[in-house]
Amino acid sequence: MNYTSTRNPKVSLSSAQAIAKGISPDGGLFVPQSVPVFGEGELRELIGLGYRDRAKRILAKYLTDFTGEEIGLCVEGAYAPGKFSSPEVAGLHTLEPGVEILELWRGPTCAFKDMALQLLPRVMTVAAAKTGSTDKIAILVATSGDTGKAALEGFRDVPGTCILVFYPVDGVSAMQKLQMTTQEGSNVSACAIQGNFDDAQNGVKAIFTDKAFEARLAGRGISLSSANSINWGRLVPQIVYYVSAYCDMVAKGTVALGDSINIVVPTGNFGNILAAYYAGLMGIPVHRFVCASNSNNVLTEFLQTGRYNRNRAFYTTSSPSMDILISSNLERLLYLLGEGDTLRVSQWMAELAATGGYDVGREMTRKISELFSAGFCDDKGTAQTIRETFETRGYLCDTHTAVALNVYMNYRKESGDVTPALVASTANPFKFCESVLSALRPELAAGSEFEMIEALESFSGIDCPPQLLNLRGKTERFTGSCSVAEMPGVVGQFLQIG
Ligand SMILES: *Cc1c(COP(=O)(O)O)cnc(C)c1O
């Protein structure tokens, strides 16, 4: 199966080429030319398998130029026993009958980004070899906090690669920052930027599409790639866990095979919810996708009205990984719903770049509303949901998961839709300890990060993951910062190209 660009139908690349490149030179995103579908028999077979074997089957449908052995090695390495603190890798927790929490944060950096970023470096190095490239792969990442650490950890000391992460100086939690500044490895670096996540993402995108910069690198045997969810290689592993979770819901008896579910996702760059949408296209029966946002509710408005408008206040919230006004992966949804009309997608994206907004019109808005529901909640609502979920269900959730639960409970109340729901839980609560503790016991939310962790542990009776606790006292290696304009210079220095 080949991949094309959301902005140019003439593009046709193998999966290895699409993943090695990351983003199309026309500025578009790579998408499969058709979506593979699971028949009911195949789905039934998946139910009997474990996570790794399910992953191999699903990946094989997208990475058609990889051998079964190559996929097997990537998957066994990424999800090796012991790497994730759950034997199921991404398991379910029943919040109440009919509401399953999909715990995606049991990996090395405690956020759902590990699900993809443990696999991506493996897939990417195989992909590069397949394309015949001997270049060093330089990964540039813009992060709202979690991608950065997960990518640093995934690519650390991977031969033939190096990685540089840009994060917003005031836009990440204390723990997220510490995770990045203390990163070990010989091929890694991180830099704060004076701006927000969108500035970081735009800065990185500009470097990727800068032909002169590319030429300078090519002469030195370096090619750039992306570990952000603009890279297709980030999305495929995320499709896996939605398919797998549906299988688990059937196995548990929450639904019968063929019954529909609702999928609720706390959303920023629209990557995670887009992966859920692809799982639906592959044959997982989904009644509604519920898109949950924080106060940066540009997606809520868009999904409800068809008007995308980023010209609005930017809020720094207690769910920083969703503090985003330009949701890159929406472009892929528009491509899919517009049946591959790349001209219209290009026009909307040009309008977004020029004016900060676009309107997809009535027909497209109708299509969206048949599939998606959207809602948002502010920090107060987030805190209230953390408290209620802990007090009434004994479940400790992080701020992003709380946004999803808050929006879902409102959706269910307003719509009366009681279809069994799968709620994506995207981070371990100890990653956002101050906010979680403030929600539960504000008087305890004081002192150093590690004092708060101890307070949250003793109040909740839940242990902080060792990979976070072990950062205490660790040397901070990367303390630099730069302006957006200085980003190309920082990249140049990191790659030692003068
Ligand atoms: C990245 C992230 C999100 C948002 O995911 P998108 O794919 O950008 O929509 C939500 N929660 C957490 C904890 C994250 O790290």
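**Cavities, ligand and pockets**

Me: How much space lies in the largest cavity?
Reply: This is a predicted model, in which local features need pLDDT of at least 70 and side-chain atom pairs count only at pLDDT 80 or more, while totals for chains, interfaces and linings use all residues. Residues are numbered from 1 along each chain as its sequence is written, and side-chain values use heavy atoms, with hydrogens and water left out. On a 1 Å grid over the protein atoms alone, a cavity is a set of points where a 1.4 Å probe fits but cannot get out; points are joined across faces, edges and corners, and a volume is the space filled by probe spheres set on them. For the largest cavity the volume is about 270 Å³.

Me: What takes up the space of the largest cavity?
Reply: A molecule sits in a cavity or pocket if more than half of its atoms lie within 2 Å of its grid points. The largest cavity is the space taken by the ligand.

Me: Which residues line the largest cavity nearest its centre?
Reply: Lining residues have an atom within 4 Å of a grid point. By class, this lining has eight nonpolar, 13 polar and three charged residues, where Ala, Val, Leu, Ile, Met, Phe, Trp, Tyr, Cys and Pro count as nonpolar, Asp, Glu, Lys and Arg as charged, and the others, Gly among them, as polar. Of the 24 lining residues, those nearest the centre are Phe 112, Lys 113, Gly 268, Asn 269 and Ser 321.

Me: Which helices each supply at least two residues of the lining of the largest cavity?
Reply: Helices (H or I, at least four residues) and strands (E, at least two) are DSSP runs, numbered from the N terminus. The helices asked for are H7 (146-155), H11 (232-252) and H12 (271-281).

Me: How far from an oxygen atom of the ligand does a backbone N or O atom of Asn 272 lie?
Reply: A polar contact here is a pair of N or O atoms within 3.5 Å. A backbone N or O atom of Phe 270 is 3.2 Å from a ligand oxygen, and a polar backbone atom of Gly 271 is 3.3 Å from one. For Asn 272 the distance is 2.9 Å.

Me: How much of the ligand's exposed area does the protein bury?
Reply: Accessible areas come from the Shrake-Rupley method with a 1.4 Å probe. Taken alone, the ligand exposes 380 Å², and the share buried by the protein is 98%.

Me: What is the volume of the largest pocket?
Reply: A pocket is an open set of points with protein on both sides within 12 Å along at least five of seven lines. By class, the lining of the largest pocket has 10 nonpolar, seven polar and four charged residues. Its volume is about 490 Å³.

Note on methods: Polar contact = N/O pair within 3.5 Å; in protein donor to acceptor, adjacent residues only side chain to side chain.
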